[in-house]
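Subject: Structure handover

Hello,

Here is the structure we spoke about, with notes on what was found in it. Please read the notes with the model open beside them.

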Amino acid sequence: RKDPEARRVALNSADIAFLCLPDAAAREAVALVDNTDTVIIDTSTAHRTADGWTYGFPELVGADAIKAAKRIANPGCHASGFIALVAPLVEKGLLSKDAQLSCFSLTGYSGGGKKMIAQYEGEEKTKVMGSPAIYGVMQNHKHLPEMKTICSLDTTPVFSPIVDDYYKGMATTVPFHMSQLKGVSTLHEVWRKLADYYG
């Protein structure tokens with residue numbers, strides 16, 4: 001809705017509002033809500049590390065915390081893969097908060113939204129788009145603050161996001177030297193700790 005007052009009324013009268021907006025527009029929409037009854041689920045990166053927002057990753061924060069929350073930040077795609085691997089290891093003291101980490105994450109083009117889908121599926125698709133393409137090489141990807149904060153890391157990881165010529169799917173890799181991990185000496189033990197955490 002283009003009329004700000006109509007947007008305010010709609011948001012304040014809703015039981016649940018899903019925000020599928022760019023960051024700035026999501027912040028504007030949240031500012032329009034002047035009650036504590038409307039549940040807001042924001043899919044942008046605007047509130048993923050914000051005070052007063054519950055991070056919507058039930059395996060980390062608990063399903064009850066999400067059920068009780070009025071402000072829920074939907075986790076990011078690349079960030080979810082990284083966080084699912086790293087957060088339990090840090091929480092359980094197996095990985096130090098000052099660990100120097102990297103992350104390689106390969107994804108299909110649907111995560112780039114309508115514009116990227118149109119590029120990959122339209123007539124303007126180039127030969128180069130048929131190969132994996134790294135992006136965010138300046139280490140300013142919008143998921144980095146989320147990855148660092150949710151995992152309680154002291155240092156932002158080096159992140160290599162890659163988009164490839166397939167519609168959907170993601171594979172995220174976080175390499176470790178075994179010397180970085182405490183209390184485990186084999187890969188099977190790491191797997192067991194993660195399996196127990198998510199059990």
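Two strands pair if DSSP finds at least two bridges between them. Phe18 has Ile41 in β2 as its bridge partner.

Before going on, please note that this is a predicted model: local features need pLDDT of at least 70, side-chain atom pairs count only at pLDDT 80 or more, and totals for chains, interfaces and linings use all residues. Residues are numbered from 1 along each chain as its sequence is written, and side-chain values use heavy atoms, with hydrogens and water left out.

A further open sheet has 4 strands in the order β6-β7-β5-β8, and its pairing is mixed. Its edge strands are β6 (133–134) and β8; each has a single partner strand, so one side of each has no neighbour in the sheet. β6 and β7 run antiparallel and are joined by 2 bridges, and Ala133 has Val163 in β7 as its bridge partner. β5 pairs with β7 in the parallel sense over 7 bridges, and with β8 in the antiparallel sense over 4 bridges.

Helix α5 lies across β5, β7 and β8, and runs at about 45° to β8. Axes are lines fitted to C-alpha atoms, for helices over the stretch in contact, and angles run from 0 to 180 degrees between N-to-C directions. Helix α5 (residues 77–91) also packs with helix α8 (residues 187–198), at an angle of about 95° and with the axes 10 Å apart. That makes the two helices roughly perpendicular (a term for angles of 65 to 115 degrees). On the α5 side the contact (heavy atoms within 4.5 Å) is made by Ile83, Ala84, Leu85, Pro88, Leu89 and Glu91, and on the α8 side by Val190, Leu194, Tyr197 and Tyr198. By class, this contact of α5 with α8 has 9 nonpolar, no polar and 1 charged residues (nonpolar: Ala, Val, Leu, Ile, Met, Phe, Trp, Tyr, Cys and Pro; charged: Asp, Glu, Lys and Arg; polar: the others, Gly among them).

There are 4 aromatic pairs. Rings of Phe, Tyr and Trp (its six-membered ring) pair if their centres lie within 6.5 Å; planes under 30 degrees apart count as stacked, over 60 as edge-to-face and the rest as tilted. One of the pairs is Tyr109 with Tyr120, stacked at 4.7 Å centre to centre with 5° between the planes. Tyr109 is in the loop between β5 (102–108) and α6 (113–121) and Tyr120 is in helix α6, so this pair ties together parts 11 residues apart in sequence. Tyr109 and Tyr120 are both buried (under 20% relative accessible area, with exposed over 50% and partly exposed in between; 1.4 Å probe, protein chains only).

Tyr109 also pairs edge-to-face with Tyr167, at 5.6 Å centre to centre and 85° between the planes. Tyr167 lies in the loop between β7 (158–164) and β8 (170–173), so the pair with Tyr109 links parts 58 residues apart in sequence. Tyr167 is partly exposed, with a relative accessible area of 41%. Tyr109, Tyr120 and Tyr167 form one aromatic cluster.

Regards

Methods:
Angles under 35 degrees count as roughly parallel, over 145 as roughly antiparallel, 65 to 115 as roughly perpendicular and the rest as oblique.
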